[in-house]
Structure formats: C-alpha cells, structure tokens
Amino acid sequence: MYMRIADIKIMSGPNYWSIQRHKLIVMLLDLEELESLPTNAITGFYERLVALIPSLSSHLCTEGVAGGFLNRVKEGTWMGHVVEHIALEIQSLAGMDTCFGRTVETDKKGLYHIVFSYEEARAGKYAAKAAVRIAEFLIKGENYDLESDIKTLKQIAVEEHVGPSTYSIVKEAINRDIPILRLDGKSLMQLGYGAKQKRIQATIASTTSLIAVELAGDKEATKKILESADVPVPKGEIIYDEDELKDAIEYVGYPVAIKPVDGNHGKGATTDIKSFEEAVKAMNAAKQFSKRVICESSISGFDFRALVINKKFIAAAMRTPASVTGDGIHTIQQLIEIENSDPKRGQGHQNVLTFIKVDEATIDYLTKKGLTLETILPAGEECWLKPTANLSTGGTATDVTELVHPANISLFERIARVIDLDICGIDIIAESLSTPVKENGGAVIEVNAAPGFRMHLEPNKGTPRNVAAPVLDMLFPNAAESTIPIVAVSGTNGKTTTTRLIAHMAKKVGYKVGYTVTDGIYIKDEQVVKGDCSGPASAQFVLKDSAVEFAVLECARGGILRAGLGFPYCHAAVITNVAEDHLGLNGIDTIEKLARVKSVVAESVLPGGYAILNADDDLVYAMKDKVKSKVALFSMYENNIRIKRHCAQGGLAAICSHNYIVLMQGSKRIRIEKVGNIPITFGGKAEFNIANVLGATLAAYVSNFNLDDIRSGLQSFIPSAEVTPGRMNMFQFSQFTVMVQVIRSSSHSRSRIIFC
Ligand SMILES: Nc1ncnc2c1ncn2[C@@H]1O[C@H](COP(=O)(O)OP(=O)(O)O)[C@@H](O)[C@H]1O
Ligand SMILES: [Mg+2]
C-alpha cells in the first residue's frame with residue numbers, strides 16, 4: 001500500500017465542503033511517500049492511466065477544457081488529485097451522475113481531503129476505496145481489472161436505486177424544492193416534512209385508499225364492481241378445478257383467457273385459448289401463482305394502459321408484447337440477445353425496459369405459431385414472443401395519449417372513481433382507443449394500483465409524458481405547503497438555550513413543536529430520545545414525525561463535519577457566537593475554520609428566509625457576506641455601528657436598549673419586553689442569556705409569531721432542571737442556593753456547581 005485511507009465520511013445536506021452539493025464523499029487520504037512523487041515523476045503512469053480509463057479525457061479540471069485533467073497528470077500533479085478524478089469517473093462509467101470534486105490539503109503534509117460527489121452513498125464509498133486501489137496498481141504498473149469495479153458499482157446502483165417510476169416522482173419533487181427522505185432501502189419515500197409530509201412507495205401514495213388497492217388487486221372483485229357500473233369487462237368466472245373450468249368455458253365460449261385472480265406483471269396469464277387441453281395447461285400455469293383462477297373471454301385487440309391520477313385522465317400507451325423483428329440472418333434466439341443488449345433494457349423494473357426472458361410461455365407461444373428459437377425470420381417480419389404485453393415481460397410501449405376518444409377519457413375517469421384509486425392504471429384490450437371502447441368491442445381487463453410509469457415516461461415510440469407531475473400536483477397542490485417551518489441554531493455557546501426558547505415560543509403560538517438539542521430530541525414537549533442529538537440524524541428524526549408542525553434544530557459542529565446538516569435548507573438560522581472550543585477536532589484547528597463550519601447553517605437558509613447573526617461577534621457578523629438569504633442582526637449594544645448601518649438600510653435587528661429587548665426594522669422600534677421580566681436573564685445578570693433572547697426573539701419574529709406570543713413566551717420560559725437542564729439551574733436550600741451551570745473549556749464541557 002502506498003497510500004493510507006484515514007477516514008471516509010458521507011455528506012447529506014449542506015456541508016463544510018459545499019452548500020449546494022449535498023451528496024459528497026469526504027475521504028481523508030495520506031499520500032505518505034507519494035507526497036514527494038508527483039505523477040510526472042512516475043515513469044509510464046500517465047500512459048497507463050489513459051490506457052485504463054481513457055474517458056478521463058473528458059475531465060476539464062481547473063483548466064476548464066476537455067483533457068484539462070490529463071494535462072495536469074502529464075505535467076505533474078499529486079496522487080490525491082488523481083484519486084479524486086478516478087472516483088468520479090468510475091461512478092459515471094457505472095451510469096451514475098457525478099461531476100463535482102475537490103482535493104484539499106490539510107495542515108499535515110501529505111494528508112488530503114478528497115471530496116467528490118455521489119449518487120448512491122454506498123457506491124460513493126466503494127468508489128473511494130477502488131480509486132485508491134486503481135491508482136496504486138497504476139503506480140506499480142500492474143494490470144487492473146477495472147471492469148469488475150464498474151460491474152460492482154452497477155450492481156450497487158441497482159440495489160440502491162429506487163425504480164424508474166418512484167425516481168420520476170422523486171425527481172419531480174426535487175425540481176419543486178419539495179424535500180425528500182428515503183425511509184427504507186427500497187422505494188418508501190417521504191415527501192415533505194413533519195405534519196406536511198406525504199409518503200410514496202413506488203406509485204402508491206399515502207393518500208391512496210387501501211380498500212381501493214385491495215379491490216384492484218382482486219381481478220374478480222374488480223370485474224364485478226365494474227360490471228355493475230356498466231363498464232365493459234370480459235365475461236368470466238373463478239375456477240378451482242377442471243370441472244369448474246369446463247363449466248366456465250361453456251358459459252364464456254372460446255377463445256378464453258386464464259390467469260391468477262390476484263396476479264401481476266402478466267405472470268401465469270394465458271390468452272387466446274381455443275382448446276380444453278390448452279385451457280387445463282393454462283389453469284395449472286395460473287395455479288402456480290394463486291389458488292383462485294379466472295377464466296374469461298379472451299378479447300382480441302391491442303393492449304392499452306390508461307393512467308388516471310387524482311381521478312383525471314393523464315396518459316395512455318399501447319403496449320406490445322416482447323417481440324423481435326426478423327433480418328433474414330439471425331435466429332429468434334440471436335435476435336432476442338441482440339434486443340437484450342439494448343442499454344435501455346435491464347433486470348425487473350430497474351430500467352425503462354425489461355430483459356426478454358425465454359421461458360416456457362415463450363416456447364409454447366412460438367410453438368403455437370409453428371416457430372422455434374432457431375427459426376430465422378424473414379427480414380422485417382415482427383414476431384411477438386409472449387402472449388401478454390406487460391413491460392415486465394419485455395413488452396414495449398407507444399404513447400397514444402392524444403388519440404384517446406373523449407368517451408374513453410370519461411370512462412377511464414369514471415373507472416378510477418368506481419375503484420376510488422388516486423393513482424390508477426387501467427388495462428384495456430381493444431381495437432383502438434380512438435373510438436369508444438363501449439362500442440368497439442373492447443373491454444377493461446383489470447385495474448392496477450401502483451401502476452408502472454415507465455411506459456409513459458419513456459415510451460419506445462411517441463411522446464414521453466411527465467406523469468409524475470400530476471402526482472405531485474395531487475399530493476402538494478401548493479409545493480410550498482410541503483414543508484414545516486425549520487429554524488436551525490448553531491454557534492459555540494447558547495445553542496441549546498436559544499433552541500429551547502424558540503421551541504417554547506412556537507408552542508405558545510400553538511404549534512406542535514419538535515426540537516433537537518444536546519440532551520435529546522423533544523416532540524410536543526416529550527423527550528423521546530436522550531443524549532446528544534445535535535446532529536443530522538436527529539434533525540431527520542424530527543422532520544420525519546408527522547405530528548411536528550414547527551422544527552427547531554440545534555446543529556453542532558460534530559454533526560455538520562460528520563455528515564452535513566441532514567436537511568437541505570431551513571427558513572431561519574440563528575448563529576449565536578463562535579469561540580475557541582474543541583479546536584483541532586476533525587482538522588478544524590483555527591477559529592476561522594470553526595466559523596466556516598457554523599456558517600454552513602447560516603448559508604443553508606432559503607433566499608426568502610433570515611440568517612440571524614450576532615453583530616457583536618466578528619466571525620458571525622462576517623457570515624452576512626456569504627448567505628443568500630436576508631440578514632437580521634442582534635447586539636447587546638444599541639450603539640453598535642453594524643446595527644446602525646444595517647437598520648439605516650431598512651434591515652431588521654434586535655438590541656438590548658435601556659434594559660429592554662427592542663426589535664428594530666429600519667427606523668421602526670418595537671419594545672418587546674423588559675430584560676428584568678425575562679426569567680432566564682436572572683434580572684439581566686446572565687448577559688449571555690440576553691444575547692440568546694435577542695437571537696430567539698428575532699427567530700420568533702421572522703417566523704411571524706405575534707408580539708404578544710413572543711412576549712409571553714419570554715416571560716414564561718422559566719429556567720429549571722427540566723426546561724434548561726445544566727443551564728443556570730438554581731436549587732434553593734434553607735441556608736444557601738446552589739446553581740448548576742454547564743461550562744465549556746477548550747478541551748471539554750462539564751458541569752460546575754456554584755454555591756450562593
Ligand atoms: N381477457 C383477456 N383478453 C385478452 N388478453 C388478456 C385478457 N386478460 C389478460 N390479457 C393479457 O394478459 C395481460 C396480463 O393480464 P392482466 O389481467 O393485466 O394481469 P396482470 O395483473 O398480470 O397484468 C394483459 O395485459 C393482456 O395482454
Ligand atoms: Mg395488467
């Protein structure tokens with residue numbers, strides 16, 4: 001080993017390395033002896049790198065032109081820089097969208113932070129280690145099997161990626177600035193935060209009625225309820241054995257279709273059955289999937305899917321069973337392999353199209369047409385390979401949305417109402433949808449909850465439709481209504497008190513509040529988790545709780561450096577102060593760097609929100625130049641020139657003036673409360689708490705709390721072991737009073753007991 005990986009961190013949310021780029025891997029890499037061995041000093045390194053990963057030629061790097069990075073390698077650059085670019089490139093060779101990278105020196109010679117973007121955290125971490133491995137093999141001049149890394153990364157992507165339908169909704173949510181949280185390793189996603197959240201699992205939403213899903217999942221129940229609503233459905237019956245099959249065929253008449261009553265993806269479905277022998281075989285095939293089997297008339301025509309969202313018709317596609325087209329040269333088997341090599345095809349639902357699998361149904365279907373896998377089809381002759389048109393069995397889709405007859409549109413919308421399904425996929429067999437199905441002999445085959453979106457998003461032919469948009473319109477008619485107010489608090493001292501005070505005032509206003517502090521997570525005043533909860537996971541804990549209408553999140557340096565904020569933005573942020581404290585942790589060895597960590601919180605405030613900064617603290621005050629939001633300042637001193645200048649420009653501020661907490665906006669001044677009436681100031685003696693009151697008051701004011709609620713919140717926030725554990729807790733004894741106060745020294749924090 002030439003290099004040593006000292007640490008790998010995964011960022012999610014605004015972080016120390018970037019405010020905009022929320023998904024970053026941060027690797028601490030020690031180049032050791034390679035620090036004195038730039039790339040141009042390693043014979044043949046450049047040539048071997050280009051030979052192994054030629055696509056690196058597209059990397060611009062600081063030169064800003066294609067080939068820029070490789071030029072740097074030729075001229076001589078450090079191995080950390082090479083590792084950064086390799087990690088990015090192998091992820092994109094595996095189909096992931098990664099483009100941002102930085103290599104940053106630390107104060108220790110040879111030790112670098114390698115920062116690069118990821119799409120899936122697990123893949124990013126793998127790429128970090130693989131990139132170091134690859135660089136070392138290139139240095140040694142040994143062969144390296146890059147393909148196996150790319151294959152592994154692709155596999156990780158398959159395992160980690162949500163499917164195309166879920167992804168389309170997630171992407172649309174991101175485009176609308178609706179926050180998302182992944183709740184499991186599969187496709188359960190939370191859209192929005194707290195009390196405003198909605199959930200999706202693939203294309204079932206938390207608004208989707210379970211009764212409707214159950215109903216749609218039972219083809220017999222669906223058939224019955226549609227029949228009674230005068231919707232054309234194939235005549236059919238449930239059968240359990242050959243006797244009942246015989247009766248059903250007598251009742252329905254050939255050709256019949258036989259399928260499991262609660263199947264999906266075309267599994268166990270056989271159509272166009274014209275003999276009892278075939279029917280028995282089909283019944284047994286269906287029984288592989290369900291005891292209850294449907295035997296119904298087989299409708300001739302094309303296979304259509306209509307998508308209705310929020311009871312509104314959105315799109316329609318014509319589905320064609322998996323097929324190949326002859327070229328007069330290749331056998332059907334070979335044509336299938338050629339078709340499956342299309343990059344649009346993949347396993348299951350991971351890609352827009354699914355691999356065509358040759359199974360018994362395929363062989364039977366070909367045999368029925370007098371064909372085998374060895375048959376060479378004449379050039380241009382299309383050959384269907386499956387009896388059903390599901391995309392899950394390799395089918396393809398043509399968009400026909402604009403061709404649907406208005407009578408069918410209203411029929412489809414009525415069907416969605418009958419089943420009461422808000423995201424509804426209707427399967428229809430008919431000659432066409434351009435004439436009323438009720439008149440052209442067509443029939444509704446089934447109704448699907450969790451319909452696939454692939455055929456609409458990326459049809460093989462026709463117009464792609466952004467069918468995720470109506471889902472978001474339904475879940476969040478007003479995108480702004482997808483989140484709850486989030487106030488983040490950071491700084492060296494006073495974070496916990498400020499957080500608790502803002503939470504207390506929000507409660508006064510009537511919000512159900514969730515907040516995180518260094519001694520726990522509180523939901524509606526109940527401590528649900530004990531311990532230091534000032535990190536990203538705790539923030540997400542609160543934002544996941546559907547009872548929470550207002551979130552106040554303490555954000556300590558540790559969590560920010562370990563994983564970023566854990567939420568993409570906030571509506572207001574209070575930065576209390578920056579002081580020498582725990583310097584040296586995680587390479588943060590100067591107070592300026594510490595300020596940069598804290599500044600992440602201020603810089604994550606949305607443009608319309610407020611960064612609330614302590615104007616008495618130079619480092620905090622300087623953050624005003626980095627934020628994209630509005631700024632509010634607070635100061636213990638009314639003559640603070642920064643306050644004066646800020647208000648002269650119409651800015652918002654809070655000061656302590658003549659022992660009053662005063663809000664100022666431009667020339668307007670509002671007296672909020674006498675310092676002496678605010679218990680946590682201990683009659684004004686606890687000056688640091690006056691500063692905390694100023695920050696909290698501004699946070700309440702910009703969160704549109706009315707002045708009375710702010711005032712009564714300040715008056716009723718009584719410090720105690722319950723309300724402010726370890727912060728100025730007074731214990732009255734007959735002879736003396738004990739005050740317990742957490743104090744912080746540069747190395748650690750501990751409680752001090754003061755007798756008075
Ligand atoms: N009665 C029928 N007539 C003609 N084709 C049918 C019939 N029933 C099913 N099919 C074909 O089989 C496919 C799968 O049947 P479907 O009822 O949609 O079950 P699944 O839930 O497995 O999708 C349909 O898309 C259609 O191509
Ligand atoms: Mg179906």
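How many of the ten residues of strand β28 (residues 605-614) are buried? Seven of them are, so β28 is largely enclosed by the rest of the structure, where buried means under 20% relative accessible area, exposed over 50% and partly exposed in between, with a 1.4 Å probe and protein chains only. This is a predicted model, in which local features need pLDDT of at least 70 and side-chain atom pairs count only at pLDDT 80 or more, while totals for chains, interfaces and linings use all residues. Residues are numbered from 1 along each chain as its sequence is written, chains are lettered from A and ligands numbered from 1 in the order in which they are written, and side-chain values use heavy atoms, with hydrogens and water left out.

**The whole chain**

- The chain contains 23 helices and 35 strands, which are DSSP runs numbered from the N terminus (H or I, at least four residues, for helices; E, at least two, for strands).
- The C-alpha trace spans about 100 × 70 × 50 Å along its principal axes, and 54% of the 756 residues count as buried.
- The chain is divided into domain 1 (4-160), domain 2 (235-297), domain 3 (326-386) and domain 4 (486-718), with bounds that come from an automatic or database domain assignment.
- Taken over C-alpha atoms, the centres of domain 3 and domain 4 are separated by 63 Å.

**Strand β28 and its partners**

- Strand β27 (residues 570-575) pairs with β28 in the parallel sense over five bridges, and two strands count as paired if DSSP finds at least two bridges between them.
- Within that pairing, I575 stands opposite L613 in β28.
- Strand β29 (residues 630-635) runs parallel to β28 and is joined to it by five bridges, with I612 standing opposite A632 in β29.

**The magnesium site**

- The magnesium ion (ligand 2) is coordinated by D427 (OD) and E446 (OE) at 1.9 to 2.0 Å; donors are N, O and S atoms within 2.8 Å of the metal (3.2 Å for Na, K and Ca), and sites may look incomplete because water is not among the atoms.
- Since D427 lies in strand β20 (residues 423-430) and E446 in strand β21 (residues 443-448), the pair ties together parts that are 19 residues apart in sequence.
- D427 is buried, with a relative accessible area of 5%, and E446 is buried as well, at 10%.

**The five-stranded sheet**

- An open sheet of five strands has the order β19-β14-β13-β20-β21, with antiparallel pairing.
- Its edge strands are β19 (396-399) and β21, each of which pairs on one side only.
- Strand β14 (residues 312-320) pairs with β19 in the antiparallel sense over four bridges, and A317 stands opposite D399 in β19.
- Helix α15 packs on this sheet, touching β13 (302-309), β14 and β20, and its direction makes about 30 degrees with that of β13; here axes are lines fitted to C-alpha atoms, for helices over the stretch in contact, and angles run from 0 to 180 degrees between N-to-C directions.

**Helix α6**

- At 1.5 Å a residue, the twelve residues of α6 (residues 164-175) should span 16 Å, and its end C-alpha atoms are 16 Å apart, which agrees; the expected span is 1.5 Å times one less than the number of residues.
- The buried residues of α6, among them I169 and V170, pack against elements including β5 (180-182) and α15 (468-475), where contact means heavy atoms within 4.5 Å.
- Just after α6, D177 takes a positive phi of about 55 degrees.
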